[in-house]
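Please open the structure in your viewer and keep the selection tool at hand.

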Amino acid sequence: QDGQSDILYKFWTAVTQTLSSQFQSATDSSMFLKQAFEGEYPKLLRLYNDLWKRLQQYSQNIQRNFNTSGTTDLLAELQQMEEDAQDIFMQKTQDYDPEKALKDSLQQYEAAYLSKSLSRLFDPINLVFPPGGRNPPSSDELDSIIKTIASELNVAAVDPDLSLAVAKNVAKTIQLYGVKSEQLLSTQGDASQVIGPLTEGQRRNVAVVNSLYKLHQSVLKVITNQSSFPAAAEQTVTTALKAVHDLMGSAVQPLLNSVGDSVEAIIITMHQEDFSGSLSGSGKPDVPCSLYMKELQGFIARVMSDYFRHFECFDFVFDNTEAMAQRAIELFIRNASLIRPLGEGGKMRLAADFAQMELAVAPLCRRVSDLGRSYRQLRSFRPLLFQTSEHIASSPALGEVIPFSIILQFLFTRAPAELKSPFQRAEWSIARYSQWLDDHPSEKDRLALIRGALEAYVQSVRTREGKEFAPVYPIMVQLLQKAMSTLQ
């Protein structure tokens with residue numbers, strides 16, 4: 001009535017300021033109270049939340065009483081007054097949040113509580129990673145860290161804002177565990193050797209990865225068991241866990257790289273074998289598979305049993321080794337398509353190698369058929385070995401499953417020596433050409449290199465004034481045009 005439309009704001013500011021100063025003076029004069037309010041802050045906060053709920057109910061009851069007891073005219077007048085007052089109230093204090101103002105009177109206790117909470121979380125970690133220590137925590141030690149995390153989150157569940165603040169502390173705790181674990185990792189040369197049994201450094205790296213994995217899984221379980229856990233708090237912890245997963249990845253990467261390099265080195269030795277022979281009398285290959293394939297199968301089986309079997313995180317290992325299996329198949333098909341000359345007997349032996357390749361990569365994956373496109377390529381390429389060039393050019397697998405560049409590369413093997421493969425024309429070794437293909441994954445670049453080889457052949461035929469081109473040449477040109485048109 002007196003135009004004091006901000007009465008509620010003035011009153012509430014006075015109440016919250018009084019609370020702040022009373023709490024301040026009480027804890028300044030009593031160490032016992034100070035410790036109680038800081039140590040049992042979540043209980044204090046719960047009392048505040050209950051007070052706020054009661055105030056809200058009270059407010060709603062007053063509204064309801066007005067609405068039921070007042071006449072229609074009075075009600076309309078009150079509503080009008082309330083709307084006006086609300087607007088003026090909001091104009092003066094647009095960003096004023098009465099609930100926040102109430103909780104702010106406890107600000108100093110929250111800060112102290114969160115600081116102590118962080119100490120409680122950090123202490124067990126600092127304890128199990130002593131300076132100069134060489135090993136990750138034992139299972140029991142890790143369990144006590146997880147129990148502390150669960151306990152801190154449970155106590156904070158009285159309030160969403162407190163839950164978020166404690167979740168940030170938990171994220172820092174997970175980061176600390178990651179940093180301490182990373183310091184234990186061996187990065188010396190023996191960490192990535194794949195020649196002998198597990199070295200001391202490799203054994204430690206396995207233990208560190210297993211420990212990170214247990215932490216990752218246990219914390220995930222804790223946050224899924226938190227009832228009414230705020231989304232922002234969950235996101236905070238999940239982001240910290242992702243960093244743990246990434247650290248596991250970088251810990252096994254040197255070993256994976258070593259294995260990948262060895263696999264590539266074994267596959268490329270197929271070019272040291274002779275595939276030019278004709279069919280033997282029986283029409284069957286002399287041996288079930290080539291030498292390099294035997295070596296590859298033995299190597300992969302040994303690597304899985306000697307190194308990767310010790311990791312407890314099977315899914316994580318398979319996610320990494322399946323990528324290696326896909327790469328091995330890609331390299332196998334790439335090199336198989338480059339074999340020149342390829343006789344009928346050689347085709348039979350290569351077809352046997354295609355079947356054996358599935359057995360070779362099997363230990364690296366859950367199921368070979370899970371390898372998706374790589375697996376389909378392996379299956380689709382094998383029958384092409386025995387088809388005519390015309391049949392190959394019209395195969396439905398082309399472009400869909402097997403890239404055009406691979407098939408064109410393969411058709412060079414059916415041409416006379418004068419029609420040089422792209423790597424022969426460039427005077428590269430097969431290893432260098434393979435590296436070039438890795439550096440140029442786009443079909444456009446690969447097809448351009450193939451086109452150059454075909455154009456060089458035309459030039460050489462014209463130079464020697466030849467009368468006709470090799471039968472496979474027009475098929476390759478047609479296929480190249482078809483490939484280029486799909487890129488448009």
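Begin by selecting Met-357. Beyond its neighbours within four places in sequence, Met-357 is in contact with Ile-267, Met-293, Leu-296, Ala-328, Ile-329, Phe-332 and Leu-378. Please bear in mind throughout that this is a predicted model.

As a general remark, nonpolar side chains tend to be buried together in soluble globular proteins.

The tour now turns to aromatic rings. How many aromatic pairs does a search of the whole structure find? The search finds 19.

For one of these, select Phe-354 and Phe-381. The ring centres of Phe-354 and Phe-381 are 5.6 Å apart and the planes lie at 5 degrees, so this pair is stacked. Phe-354 belongs to helix H13 (residues 344-361) and Phe-381 to helix H14 (residues 373-384); the pair thus links distant parts of the chain, 27 residues apart. Are these two residues buried or exposed? Phe-354 has a relative accessibility of 1% and counts as buried. Phe-381 is likewise buried, with a relative accessible area of 0%.

Move on to Trp-428 and Trp-436. This aromatic pair is tilted, with 6.1 Å from centre to centre and 40 degrees between the planes. Trp-428 counts as buried at 18% relative accessibility, and Trp-436 counts as buried at 16%; the limit for buried is under 20%.

Then select Phe-23, Phe-37, Tyr-48 and Tyr-109, which ring pairs link into a cluster.

For a charge beside a ring, display Arg-349 together with Phe-275. The charged end of Arg-349 sits over the ring of Phe-275, at 4.4 Å from the ring centre.

The last stop is Val-158. Where is Val-158 placed? Val-158 is in the loop between helix H7 (139-156) and helix H8 (160-184). With 27% relative accessibility, Val-158 counts as partly exposed. Now show Pro-42 as well: Pro-42 and Val-158 are 116 residues apart in sequence, while their C-alpha atoms are 6.7 Å apart in space. Leaving out residues up to four places away in sequence, Val-158 touches Pro-42, Arg-46 and Asn-49.

How values were computed: Residues numbered from 1 in each chain as written. Predicted model: local features only at pLDDT ≥ 70, side-chain atom pairs only at ≥ 80, totals over all residues. Heavy atoms only, no water. Contact = heavy atoms within 4.5 Å. Phe/Tyr/Trp six-rings, centres within 6.5 Å; stacked < 30°, edge-to-face > 60°. Helix = DSSP H or I, 4+ residues; strand = E, 2+ residues; numbered from the N terminus. Buried < 20%, exposed > 50% of the residue type's maximum accessible area, 1.4 Å probe, protein only. Lys NZ or Arg CZ within 6 Å of the ring centre and 35° of its normal.
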